[in-house]
Amino acid sequence: MEIGFIAVTAILGILLIIVTIKYILYRRQVINICRQMVFIRENYTNRIIYNDIIEKEILNLTSLINLMCEEHKAKENLLKEKDRRLKIAMAGISHDIRTPLTSLRGFFELLESETDTEKKKKYSKIIDGKLIELTELLEELFTYTKLQNEDYVLELGKYDFTKIVLGTLFSFYGTFKEKNIEAEVDIEEEPAIVTCNDVAVKRMLSNILKNAMLHGSGRIFITYKTGNGRVEFLCKNSVENPWEIDISQVFDRFYKADIARSKGSTGLGLSVAKELAGRMGGEISASVKDRMFIIKVVMPRPFHKFPNI
């Protein structure tokens with residue numbers, strides 16, 4: 001009995017020593033991990049957490065910490081890039097707004113000092129154009145700002161999508177003619193009831209057409225058709241350098257704002273169009289084929305024909 005007691009005591013003593021050693025090693029490793037985390041937190045580094053002991057729990061812990069560090073760095077880099085692009089874009093937008101304001105001041109001064117009736121009419125027309133340009137820039141910014149608010153609700157109803165498309169295209173007829181833009185239109189005029197917001201649809205289509213005019217090389221092809229429980233609007237415009245277009249970014253906010261700036265645009269048009277399409281349950285996509293930049297809008301239809309009223 002006495003020998004057995006001694007053996008049990010010895011085993012317990014050995015186990016206690018092992019547990020104590022493990023505790024000390026775990027504690028040292030946790031302290032070491034904490035020190036490494038403090039260093040990484042205080043220094044911008046790609047260093048990762050390492051461990052001195054090979055234990056499943058410690059390995060899992062360091063792996064999770066390293067993963068979280070990588071994700072945090074990725075988010076931080078993304079935010080920095082967005083902030084950089086936002087600052088550049090805001091500088092461009094400030095330029096966009098300041099330019100027509102400066103021009104307006106100059107033409108108002110000319111208008112006040114001019115006595116020739118024809119020249120007065122000419123200056124008045126220019127001033128009117130500048131005011132329209134400035135209004136459109138501010139409206140685009142206002143719309144974009146509203147859409148960034150998660151609480152903003154876009155009220156939807158049943159509207160004839162075909163009627164909205166035809167009305168929007170008709171409103172651009174004078175602009176196409178004035179700018180000598182060749183617009184080829186292929187449209188099915190069958191009524192198509194869609195759950196949407198009529199004002200939002202007009203804004204979405206207008207932004208697409210304005211983009212085609214601003215960045216195209218003079219030719220625009222517009223196709224509109226209904227069928228298979230949906231409506232499809234297609235806008236193609238010829239481009240001189242299609243390889244310069246990054247399809248993955250065309251719907252990003254302020255994409256190519258530096259180029260757009262020289263043409264009186266905020267660079268928000270297609271971003272707003274995509275946001276509006278999504279809010280109405282539709283889809284919008286872009287592609288480049290045979291020197292043509294293509295924007296495609298697809299909207300689902302709740303039913304195919306007008307209901308019996």
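Modeller: Let's start with a term: buried means under 20% relative accessible area, exposed means over 50%, and partly exposed is in between (1.4 Å probe, protein chains only). With 40% relative accessibility, C34 therefore counts as partly exposed. This is a predicted model, where local features need pLDDT of at least 70, side-chain atom pairs count only at pLDDT 80 or more, and totals for chains, interfaces and linings use all residues. Residues are numbered from 1 along each chain as its sequence is written, and side-chain values use heavy atoms, leaving out hydrogens and water.

Colleague: Is C196 buried or exposed?

Modeller: C196 is buried, because its relative accessibility is 0%.

Colleague: How many disulfides are there?

Modeller: A disulfide is a pair of cysteine sulfur atoms within 2.5 Å. The structure has zero.

Colleague: How do I read a nonpolar core?

Modeller: In soluble globular proteins, nonpolar side chains tend to be buried together. A nonpolar core is a set of buried Ala, Val, Leu, Ile, Met, Phe, Trp, Tyr and Cys residues joined through side-chain atoms within 4.5 Å. Here the largest one has 45 residues, and M204 and F161 are among those with the most contacts inside it. Apart from it lies another core, of five residues, including L104 and Y123.

Colleague: Which residues does M204 touch?

Modeller: Contact means heavy atoms within 4.5 Å. Leaving aside residues up to four places away in sequence, M204 touches F161, A273, L276, A277, M280 and V297.
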